[in-house]
Amino acid sequence: MAMKRESPPTRRLVAIRVTEKGLKTNSIQLDEFKYWLKNLKLAIKLTLIIIYKFKLKKSFVVLSAKNKRIFEISPFGIVLFLTVLCMVLAYFTESDPTKNFLDKTIQVLNFWQNGFFGLMDFTLQMMMILVFGYALAIYKPFHSILRKLSRIPSNSLQAILFTGLITMMAGLINWGFGLVVGALLARFVYLALEEKGVESNPVLIASAGYLGMAIWHGGLSGSAPLKVAEKGHFLESEIGVIPVSETLFTRWNFMLTGGLILVFILTLLLLSYKKEKVEKPVYSHPLRPVPPGEGSYLARIAGVIMMGIVFLKIFENTGFGLGFFNLNLVNFFLFALTLIAYRSLKQFTEATSEGIKSSVDIFIQFPFYAGIMGLVTHSSLLAEISGYFISTTSSTTLPVLTLISSAFVNLLVPSGGGQWAVQGPILMKASETLSLSSGKMVMIFSYGDQISNLLQPFWALPLLAITGIKARQLLKYCGWLFISGFSYLLLSVYFLF
């Protein structure tokens, strides 16, 4: 006798919903999930069609290296891709049935245009922090100090550890300063060993000189923690002002960042034992340090006055809460320090002009990141993403997912400031719903953003130009540094947060 087969039960997707009473399970019909998945697939297809039609494929640069072809996406091409993708997603999240295709399209474009200039202050702040950091790094007396320091190491191992440690210390002071100092030191140290007839690995030394970008967001120029410490920042209505005493200047940040430095030093030590033959670096142009001016002290006088204002600001803060410490004060201090160093306005202008050349990408791309932020926040896209993000996580898993997502998004949005503008609103909304510390979540975001810089060639361009190292060579060692650093951060976030 044939047995009657029972029909399978209706499939459901189980998610977690946060309510005032705690976490409760809520079943969502699979059909609804398929509907959203279908819309997402359609959005991606339309985005790819638009990209092809507008020939954004030209953003791909083909490089030939020993009969191999390496495809790299330009940073500007990435932000254009993200813009189009968010436009399409924002269009499909608009559920008003009274609006036709044209009305929805116009509304999405308005969202983008309204947000396009929403980060002008932030754009200038990030440009200034790079420009002044660069100007201080090419200051001739400091340049001479670097040349003398480069003669200290007497063998390859000392050179690698020495370069890595100084670069990370400089990166904690200022990310632009650390980037240029690391590149210069890596070049000078290798040349000093070559003059002594000591064999060394220029690629590993250059990798050590890039570590400032893997540690910077926990230091004095961390864009996300400094931005949320500033009155009037773009998330103030949601999270308020978070002083740096709750982010950068906390005991747990000092411990975690110090541990990360130790992990990198140990990793460099292990990598140095592997003897490899590498190509000698090819330098494209000689470095040109800028000397201080002579016969004029106008810039120095202006700098001293500005520095006096900085110290007055510090002494006015009687509570030592460090709430006064923000991105504007950092830039004001660096502006004053650069004026004092170069003494004359002519030399100051020459040095900062060199730095401005390195900040062009920030100037061009940040308005597009602001436009993406406008699309995300003004449409219902933020609510949809936040709802899904919150529904599939908990207070225990959110910190770990934040670290992972921040590291991943940084590969697509290679700017800590631009990434915070896009990802910050979503993370803050999720952390608020789950009653997690906003200050801690800002720092977890910062750790994820900084560590994947080791895989992101965008900020390595100045280092590659100065050291004469190729990107594929640098990635070989930076990949191992990323694995060790990311593993340490993952374990730290899981157990400490």
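A charge is said to sit over a ring if NZ of Lys or CZ of Arg is within 6 Å of the ring centre and within 35 degrees of the ring normal. With that in mind, look at lysine 104 in this predicted model: its charged end sits over the ring of tyrosine 91, 5.4 Å from the ring's centre. You can find another such contact at arginine 147, which lies over the face of phenylalanine 188 at 4.5 Å from the ring centre.

Now let's turn to rings that meet other rings. A pair of aromatic rings is described by the distance of the centres and the angle of the planes. The structure holds 18 aromatic pairs. One of them is formed by phenylalanine 116 and phenylalanine 368, an edge-to-face pair with 5.3 Å from centre to centre and 80 degrees between the planes. This pair links distant parts of the chain: phenylalanine 116 belongs to helix H3 (residues 101-116) and phenylalanine 368 to helix H15 (residues 360-378), 252 residues apart. Phenylalanine 116 has a relative accessible area of 17%, so it is buried. Phenylalanine 368 counts as buried because its relative accessibility is 15%; the cut-off for buried is under 20%.

Another edge-to-face pair joins phenylalanine 249 and phenylalanine 254, at 6.4 Å centre to centre and with 80 degrees between the planes. Here phenylalanine 249 is partly exposed, at 28% relative accessibility, while phenylalanine 254 reaches 51% and therefore counts as exposed.

How values were computed
Residues are numbered from 1 along each chain as its sequence is written. This is a predicted model: local features need pLDDT of at least 70, side-chain atom pairs count only at pLDDT 80 or more; totals for chains, interfaces and linings use all residues. Side-chain values use heavy atoms; hydrogens and water are left out. Rings of Phe, Tyr and Trp (its six-membered ring) pair if their centres lie within 6.5 Å; planes under 30 degrees apart count as stacked, over 60 as edge-to-face and the rest as tilted. Helices (H or I, at least four residues) and strands (E, at least two) are DSSP runs, numbered from the N terminus. Buried means under 20% relative accessible area, exposed over 50%, partly exposed in between (1.4 Å probe, protein chains only).
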